[in-house]
Protein chains: 2
Amino acid sequence: MGRPDRTRRSLLDAAVVVLSKDSSASLSEVATTAGVGRTTLHRYFPTRELLIRALVEDALDRVADAIASAHPDEGPVVDALQRVTDTVVPLGPSLSFLHAEPEVYNARDLIRRWYEALEPVAQAVERGQADGSLRGDLPVKWVVDAYAGAILTAWDTADEGRIWLQDAPRLVMTTIIHGITAPSTDAP
Amino acid sequence: MGRPDRTRRSLLDAAVVVLSKDSSASLSEVATTAGVGRTTLHRYFPTRELLIRALVEDALDRVADAIASAHPDEGPVVDALQRVTDTVVPLGPSLSFLHAEPEVYNARDLIRRWYEALEPVAQAVERGQADGSLRGDLPVKWVVDAYAGAILTAWDTADEGRIWLQDAPRLVMTTIIHGITAPSTDAP
DNA sequence: TCCAAATGGAACATAGTTGTTCCACTCTAT
DNA sequence: ATAGAGTGGAACAACTATGTTCCATTTGGA
């Protein structure tokens with residue numbers, strides 16, 4: 001990885017940190033955080049819009065890669081979701097950024113790409129409903145959103161120090177898989 | 001309710017609509033949406049920061065009132081949460097705004113007020129864990145965040161047209177109470 | 001009806017961000 | 001060591017949002 005690649009990475013990483021804290025932060029701040037001059041920033045991303053676009057696309061790529069590497073199409077669905085959770089939760093900041101930049105992120109094609117990235121999860125959920133391991137009275141779209149939302153919540157909550165990030169995967173899975181009621185409650 | 005009160009209300013309502021779509025929208029846009037001159041806006045809220053602050057406080061009040069009116073401290077915990085869900089979900093936009101304005105909302109005292117508003121829910125969860133109706137292996141703080149997050153997710157998802165808002169309370173409750181797995185899976 | 005409160009528009013100064021250009025510098029690979 | 005890519009700083013113009021002031025007009029209640 002040459003110097004340009006490293007500079008680009010620094011800029012994207014800094015942008016994630018700065019812009020997810022304050023989406024209206026100035027480009028100077030981003031450049032400074034990246035340890036780079038504002039001139040250099042403009043050299044890599046000519047306009048603010050292109051920076052944010054690159055940022056969102058980069059985040060989407062990370063999420064999609066993480067999901068794919070968890071092989072959500074293999075084995076029992078609950079196990080598959082466990083693997084996805086364990087892989088995606090550590091991404092933390094990248095994910096949370098996606099829900100914080102509505103004005104730009106709301107571009108139609110980026111919303112589409114978000115759901116494309118989640119498509120393997122949707123397929124796993126469908127598979128689970130078909131084989132009876134997941135309940136069939138919830139729309140697949142809702143289940144996917146609720147699952148993604150739980151991961152997002154986990155990261156936010158961990159960021160505020162209310163839970164430990166290392167506990168997050170277990171909390172997300174327990175909550176989303178079993179719910180918050182005691183196991184014995186349902187058994188007749 | 002005199003004219004000033006109505007103007008103030010229009011401004012806050014317009015601000016919710018405009019600023020939750022684009023948190024960096026100009027005050028002109030807010031004033032126009034409210035059907036009011038920019039001068040009048042400044043008369044009620046001298047600076048942008050004061051407007052946003054009033055906005056967040058107003059939203060927090062609405063949430064707190066809604067929760068209180070559902071009497072979360074009475075009856076079986078699951079029923080109580082059902083009532084809270086049915087009451088809070090219709091607030092929609094007000095709630096979603098709270099998670100979209102990090103730069104201002106992150107003021108310490110406003111975060112505290114957010115959790116103060118949710119305190120009755122936290123107490124209901126504690127009560128449920130004590131009487132055995134809710135599982136005891138999840139931190140109360142996590143359960144509260146997960147629950148609030150599910151409501152937020154429901155509103156976002158409904159806003160994008162992926163579910164019907166009228167289905168949202170049932171989806172939230174089923175998911176958070178029972179989880180997404182089939183009921184028979186857990187029974188031995 | 002009449003008066004005081006409330007409003008809206010226009011004009012203004014200010015401040016901050018953005019994007020550009022130019023030039024001197026510092027690395028790094030050969 | 002040296003050439004060339006990469007970088008940083010300074011200075012610039014254009015633009016936009018913000019907050020203020022002043023004044024004419026409208027509104028609603030006594």
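This is a predicted model: local features need pLDDT of at least 70, side-chain atom pairs count only at pLDDT 80 or more; totals for chains, interfaces and linings use all residues.
Read from the N terminus, its order of elements is accordingly α-α-α-α-α-α-α-α-α-α-α. Along the principal axes, the C-alpha atoms of chain A occupy a box of roughly 65 × 30 × 30 Å.

The arrangement of the two protein chains was examined next. In general, two copies of a chain are related by a rotation about an axis and a shift along it. In this model, a turn of 180 degrees with a shift of 0.0 Å along the axis places chain B on chain A with an RMSD of 0.1 Å. This is the relation of a two-fold axis. Among the residues of chain B, the closest approach to the rotation axis is that of G179(B), whose C-alpha atom lies 1.9 Å away.

At the protein interface, 44 residues of chain B contact 45 residues of chain A. Because 100% of the interface residues of chain B are also interface residues in chain A, the copies meet through the same surface. The area buried between chain B and chain A is about 4200 Å², of which 59% falls on carbon and sulfur atoms. Three residues, W142(B), R162(B) and I180(B), account for 20% of the area that chain B buries against chain A, more than any other three residues.

Polar interactions also cross this interface. Between chain B and chain A, 22 residue pairs are in polar contact, and two salt bridges are found. One of the salt bridges joins the side chains of D145(B) and R162(A), with an N to O distance of 2.8 Å. On the side of chain B that touches chain A, two or more residues each are given by helix 5 (77-88), helix 7 (102-105), helix 9 (140-159), helix 10 (168-178) and helix 11 (183-186) of chain B. Of these elements, helix 9 of chain B gives the most, with ten residues. By class, the side of chain B that touches chain A comprises 20 nonpolar, 13 polar and eleven charged residues.

DNA strand D is surrounded by 20 residues, the closest being T7(A), G37(A), T40(A), Y44(A) and R48(B). Of the atoms of DNA strand D that come within 4 Å of the protein, 51% belong to sugar and phosphate. A polar side-chain atom of T7(A) is 2.3 Å from a phosphate oxygen of DNA strand D. For R48(B), the corresponding distance from a polar side-chain atom to a phosphate oxygen of DNA strand D is 2.5 Å, and for Y44(A) it is 2.7 Å.

Helix 3 of chain A gives the most, with five residues. The surface near DNA strand D contains nine polar, six charged and five nonpolar residues.

Around DNA strand C there are 18 residues, with R48(A), T7(B), T39(B), T40(B) and Y44(B) the closest. Sugar or phosphate accounts for 52% of the atoms of DNA strand C within 4 Å of the protein, and the rest belong to bases.

The surface near DNA strand C receives at least two residues each from helix 3 of chain A and from helix 1 (3-21) and helix 3 of chain B. Helix 3 of chain B provides the largest share, five residues. By class, the surface near DNA strand C has eight polar, five nonpolar and five charged residues.

Definitions and conventions
Residues are numbered from 1 along each chain as its sequence is written. Chains are lettered from A and ligands numbered from 1 in the order in which they are written. Side-chain values use heavy atoms; hydrogens and water are left out. A residue is near a molecule or strand if one of its heavy atoms lies within 4 Å of it. A polar contact is a pair of N or O atoms within 3.5 Å; within protein, one must be able to donate a hydrogen and the other to accept it, and residues adjacent in sequence count only if both atoms are side-chain atoms. Helices (H or I, at least four residues) and strands (E, at least two) are DSSP runs, numbered from the N terminus. Ala, Val, Leu, Ile, Met, Phe, Trp, Tyr, Cys and Pro count as nonpolar, Asp, Glu, Lys and Arg as charged, and the others, Gly among them, as polar. Copies are superposed by least squares on the C-alpha atoms of residues with pLDDT of at least 70 in both. Contact means heavy atoms within 4.5 Å. Buried area is the accessible area (1.4 Å probe) that two parts lose on being put together, summed over both. A salt bridge is a side-chain nitrogen of Lys or Arg within 4 Å of a carboxyl oxygen of Asp or Glu.
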